[in-house]
Amino acid sequence: FLPQVDSANAGRVLASDAAVFLKKSGLTDLVLGKIWDLADTDGKGILNKQEFFVALRLVACAQNGLDVSLSSLNLPVPPPRFTDTSSPLLLSGTASSDLPWAVKLEDKVKYDAIFDSLNPVNGLLSGDKVKPVLLNSKLPVDILGRVWELSDIDRDGMLDRDEFAVAMFLVYCALEKEPVPMSLPATLVPPSKRKPLSVPGAMPLIPSSTSTKESHQSLPPVGILAAKTPLTQ
């Protein structure tokens, strides 16, 4: 990854270059800010090669639901994932569509039954209809907000049958005390939503078309869940 952000080959990365690159991880600015603070040990706004590798390692930790802290650096995690279709370095060799879906068939049948019981309209459930099911899990509101954001893959403020299955899968994982990841792992993306050239697990930060309209549409359901939490900002 280093040659892509160290174009001058000076062995160091400026904050501005690193910010553009790290944003492609799909993590929130809050998490990326924390990663930068931990990696930029002397606070100079520049990362040397070693510090840059620390930042990449922390990105990988965050993407896999681990704490963003120096104590996580020694834990085994897959390499970090970044969305950048222009760079062959960052594309997966095999299409993510080849990966088996993490949602098992027998579980999908159960999730589909719950989905149908909520009276979907045109095969979609609004945030209002999904909210009681999520709240029923008694999970913290910030976790439920993240579940919604990860499962609303196409960012339309509604969940279809497959997206709802992802939401249920994440809720049950959280109930089993498994951390909810910061970005959706490749194996959890429903086969119907996979693109041949997508980087595994990576989600676009900005919707490609009519970005303002679409990004605002994704806010109400999270706002419903997190009435008075910073999540709605």
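Author: We begin with the general idea: a salt bridge is a side-chain nitrogen of Lys or Arg within 4 Å of a carboxyl oxygen of Asp or Glu. Please keep in mind that the model before you is predicted. By this rule the count comes to 10 salt bridges.

Reader: Which salt bridge does Asp 107 form, and in which helix does the pair lie?

Author: The side chain of Asp 107 meets that of Lys 110 in a salt bridge, with 3.6 Å from N to O. Both residues belong to helix H5, which covers residues 105-117, and they stand three residues apart, about one turn of the helix.

Reader: Is Lys 110 buried or exposed?

Author: The general idea is a pair of cut-offs: under 20% relative accessible area a residue is buried, and over 50% it is exposed. Lys 110 has 52% relative accessibility and therefore counts as exposed.

Reader: What does Lys 108 pair with?

Author: The side chain of Lys 108 forms a salt bridge with that of Asp 162, at 3.3 Å from N to O. This pair links distant parts of the chain, 54 residues apart: Lys 108 is in helix H5, while Asp 162 is in helix H8, residues 161-175.

Reader: Why do Lys 108 and Asp 162 count as buried?

Author: Lys 108 counts as buried because its relative accessibility is 10%. Asp 162 counts as buried because its value is 17%.

Reader: Where is the partner of Glu 163 in the chain?

Author: The side chain of Glu 163 meets that of Lys 193 in a salt bridge, 3.9 Å from N to O. Glu 163 is in helix H8, whereas Lys 193 is in the loop between H8 and helix H9 (211-217); this pair too links distant parts of the chain, 30 residues apart. Glu 163 counts as buried because its relative accessibility is 0%.

Reader: Which residues do salt bridges with shared partners join into one network?

Author: The network consists of Lys 108, Asp 112, Asp 116, Arg 161 and Asp 162.

Reader: What else surrounds Glu 163, leaving aside its neighbours within four places in sequence?

Author: For this step, contact means heavy atoms within 4.5 Å. With those neighbours left aside, Glu 163 is in contact with Ser 151, Asp 152, Ile 153, Asp 154, Met 158 and Lys 193.

Conventions
Residues are numbered from 1 along each chain as its sequence is written. This is a predicted model: local features need pLDDT of at least 70, side-chain atom pairs count only at pLDDT 80 or more; totals for chains, interfaces and linings use all residues. Side-chain values use heavy atoms; hydrogens and water are left out. Helices (H or I, at least four residues) and strands (E, at least two) are DSSP runs, numbered from the N terminus. Buried means under 20% relative accessible area, exposed over 50%, partly exposed in between (1.4 Å probe, protein chains only).
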